Amino acid sequence: MSWDKVAVVGAGIIPFGELFDVGYEQMARSAFEACLASVDHGVDTSTIDALFVATQRGTLWGQEGIAGNTVPAAIGLNGVAATRIENACPSGSDAFRVGAMAVASGVHDLVLVVGVEKMRDKSTEEGLLARAASGHPIMTRGESAPALFAPFATRHMHTYGTTREMLAAVAVKNHHNGSLNEDAHFQHAITMQQVIDSPPVCHPLHLLDCCPQTDGAAAVLLAPAERAADYTDRPVLIGGFGVATDSPWMHEKTDYVGLAATTAAAKRAYSMADVTPDDIDVAEVHDCFTITEILDIEDLGFCEKGKGGHMAVEGITALDGRLPVNPSGGLLAKGHPIGATGLAQITELWLQLRSQAGSRQVALRNGIALQHNVGGRGSGVAVVNILRGVT
Amino acid sequence: MAGSDEDSLTLAVAAGLEAVHHGEVDPTTIGGLYWGTARPPMAEGPTLPMLAAALGLTPGIAGLLASGSTHAGIDALTAAWHAISAGAIDTALVIASDALSPALGSSGEASTGSGAAAWVLTGDRGNARLLRSVTTGRPVLDRYRGDGEPATRDDYDGRLHREQWFVPDVAAIAARLRDMAGDTASGTAASTAAATAAGRPAGDLRWALPDPDRRLGRAAVEAAQADPDAVVSTTAVTEIGDTGAAAPFIGIIDALGVAGPAAIVAHGGGRTTGLLLEVDEAVPGTDLATALAASAPAGYGTVLRARQRLVPDSETVPMGIPPGSAMLARETDELLRLLGARCSECDAVSTPPSVHPTCAACGSPKLTTTTLPRTGTVHTFVINHTMPAPFEAPLPIIVVDLDDGSRTQVQGASDGSDIAIGAPVRLVLRRYATERGVPIYGYKAVVTGQEG
């Protein structure tokens with residue numbers, strides 16, 4: 001039986017992009033406002049009794065490292081119980097899970113989860129690329145973000161005959177979806193040839209196989225399921241969730257054609273929600289790189305291991321396909337402001353399950369959607385949340 | 001030229017491992033490590049124990065790091081020889097290596113190479129014997145590098161150096177060696193008979209003569225009154241250039257592969273030394289041609305980068321190397337020794353041990369330290385093109401299946417064009433980064449053949 005103890009009663013994001021003219025705190029406030037605007041019957045903000053802030057990188061110039069301290073006052077919730085959540089790329093989706101548990105426990109009633117990330121207050125070199133020099137003095141040296149996923153592409157191509165075109169098809173699909181999303185970082189379509197001809201970033205991945213560096217924020221409001229009607233007539237229930245871990249070391253993967261953390265997190269989430277992969281109508285999955293979406297849809301059980309490369313090529317994961325994947329444009333087109341990413345995906349699914357997604361609305365069969373993030377060193381953390389629309 | 005991630009220490013490791021392998025000695029039984037180099041990677045620092053660790057020698061091993069001039073290799077050899085003669089140790093590993101950095105615009109730019117050679121010395125066995133040595137010295141300046149200076153200067157007055165010191169000293173030392181060998185000319189019937197009667201070696205001396213600038217070598221041959229055909233060091237000088245402290249050892253290699261007497265004349269740092277050896281039978285591991293065959297042409301930019309004269313000019317990212325930190329104290333030894341932790345429960349190997357208090361496969365805390373093999377095959381890889389300076393792209397990063405069934409991740413030492421899944425690789429010590437003057441060493445993979 002589906003868990004269904006906690007409802008999403010509001011969700012909103014800010015337009016993603018390189019937001020050089022707004023700061024970390026301003027993005028958090030704008031996401032909060034967008035979330036409040038989505039609550040059908042409105043909400044008295046003084047009744048919000050807990051805040052979880054997802055920010056992955058506490059390494060900018062400001063005070064985002066202590067976001068549980070700095071964000072409440074900045075967004076107009078001074079005094080609220082607040083905590084920063086960091087759990088690698090799934091930080092946002094894990095903050096969502098923690099928020100749901102806080103509500104379900106009865107300790108808190110109305111919980112705001114805000115994800116906010118400033119990726120572009122530092123130069124690319126000093127920001128994301130500097131990761132190549134962080135971590136272990138030898139074992140992780142040179143491991144910028146694409147170097148954590150490219151080994152899987154090399155091996156997947158070797159083992160299953162996955163091609164550059166199959167990778168490129170994922171980017172083409174997600175950029176098409178992004179062109180329909182006015183909040184996406186990139187709102188233009190691209191061609192397969194453009195992906196293939198783009199410069200190499202980390203062999204075998206090229207520039208358009210990679211998500212951009214994006215500033216952004218998203219916020220979600222959670223309430224006990226039995227009180228959801230106070231806020232909305234069309235809540236989205238949390239059917240289940242799963243989180244799982246795997247070794248952070250790249251040389252300790254069981255194999256290099258799948259992400260073990262995703263498989264384990266999905267198994268827990270499916271069990272908790274009492275659903276199977278076949279029951280999912282639409283999914284927002286972690287496509288930081290094209291290969292990642294291919295690995296994800298295999299690891300989540302949407303297709304047989306090794307067949308993931310065919311799904312976008314054959315249109316199965318397109319908006320009008322059997323299983324639309326990343327209707328928002330995904331990380332590849334919408335962008336990947338890390339702490340905000342999971343909550344932005346949940347916002348997309350909130351819109352889809354309420355049939356409010358406009359030109360990128362997908363067909364609903366069961367009213368069940370899946371959200372997924374994976375990341376960290378060695379893709380060692382994954383979170384899966386399963387959502388259910390109420391009609 | 002060595003690569004931009006190589007220096008006198010990584011070259012010393014490569015040569016030392018070869019010598020230990022060919023000498024068929026257990027590294028843990030070696031009593032002394034004697035290393036000579038004009039340019040250790042740190043002017044002051046723990047370079048000798050770093051070398052000992054990378055070679056798998058005992059932590060408390062005796063020995064020394066000789067430096068200060070290109071005579072350092074001979075100094076290391078002499079010290080090891082004396083230690084064995086005095087009975088202090090039974091077996092010594094002597095390594096001479098250099099990766100000199102000549103001044104931009106100097107004549108040394110075209111004549112300087114890099115290289116290393118290593119000998120295993122024992123008191124009582126071996127295919128060749130050290131017989132005699134003789135040294136002369138003068139407190140005068142030839143090539144030098146001032147304290148804190150990055151590059152080696154040319155002789156101030158090359159002709160003065162040649163006429164007043166080099167030629168007279170090489171001539172005097174060579175004459176002494178010929179006297180010692182009882183080989184006054186070059187293999188006349190009379191001298192051979194005399195030598196045989198005196199119990200001295202029969203046959204012509206083969207010579208390794210100094211040639212620090214690719215010009216003085218000709219003067220040295222004349223000064224030594226050596227038959228040019230008997231000078232075996234010419235090939236190395238022609239192919240590699242002057243290898244500093246390693247030059248006498250690389251120069252004599254071709255003579256060590258054939259029975260008979262051999263003579264080394266080494267010059268540097270104001271001193272000239274002669275060594276007389278007798279090769280009883282071919283010394284294993286003396287195949288210079290094979291060592292030279294692996295070379296490839298390099299442009300001037302590559303050479304400057306390798307000599308650490310071409311460095312990023314603008315912002316670089318911190319490489320996160322805290323010298324002398326607790327973290328590096330925990331990790332340096334295991335990284336240099338290439339250690340893993342073998343699980344007593346499931347036999348899996350987790351590496352490196354300090355980040356694995358429990359087995360990566362089964363979680364058991366029952367682990368014993370093991371040394372990882374240095375050969376394996378490529379499991380998967382990437383070639384990273386996008387990193388901030390001081391990283392150099394393209395940089396391969398390779399997951400390697402090691403021959404004992406364990407797995408590790410290392411950087412590749414090439415530009416990646418030779419890497420494929422399944423390709424056999426060998427792990428070699430290279431410099432991963434340098435910050436605050438501190439080099440950090442780790443293993444990199446070199447592809448050793450085609451995919452099979």
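Visitor: What conventions apply to the model and its numbering?
Guide: The model is predicted, and local features need pLDDT of at least 70, side-chain atom pairs count only at pLDDT 80 or more, while totals for chains, interfaces and linings use all residues. Residues are numbered from 1 along each chain as its sequence is written, and chains are lettered from A and ligands numbered from 1 in the order in which they are written.

Visitor: Which secondary structure does chain A have, and how compact is chain A?
Guide: Helices (H or I, at least four residues) and strands (E, at least two) are DSSP runs, numbered from the N terminus. Chain A has eleven helices and eleven strands. Its radius of gyration, taken over C-alpha atoms, is 19 Å, close to the 21 Å from the globule rule (2.2 Å times the number of residues to the power 0.38) for 391 residues, so chain A is as compact as a globular protein of that length. Along the principal axes, the C-alpha atoms of chain A fill a box of roughly 55 × 45 × 35 Å.

Visitor: How many of the residues of strand β8 of chain A are buried?
Guide: A residue is buried if 20 or more other C-beta atoms lie within 10 Å of its own, exposed if 12 or fewer, and partly exposed in between, with C-beta atoms placed from the backbone. In β8(A), residues 236–245, nine of the ten residues are buried, so the strand is largely enclosed by the rest of the structure. For chain A, buried residues make up 65% of the 391.

Visitor: Which strands pair with β8(A)?
Guide: Two strands pair if DSSP finds at least two bridges between them. Strand β1(A), residues 6–13, is joined to β8(A) by two bridges and runs antiparallel to it; A:A7 stands opposite A:L237 there. With β11(A), residues 381–389, β8(A) pairs in the antiparallel sense over nine bridges, and A:V236 has A:G389 as its bridge partner.

Visitor: What is the strand order of the open sheet in chain B?
Guide: The order of the four strands is β2-β1-β3-β4, with mixed pairing. At the edges are β2 (62–66) and β4 (114–122), each pairing on one side only. Nine bridges join β3(B), residues 91–99, to β4(B) in antiparallel fashion, with B:D98 opposite B:G115.

Visitor: At what angle do helices α2 and α13 of chain B pack?
Guide: Two packed helices are described by the angle between their axes and the distance between the axes. Axes are lines fitted to C-alpha atoms, for helices over the stretch in contact, and angles run from 0 to 180 degrees between N-to-C directions. Here α2(B), residues 47–54, and α13(B), residues 326–337, pack at about 45° with axes 7 Å apart.
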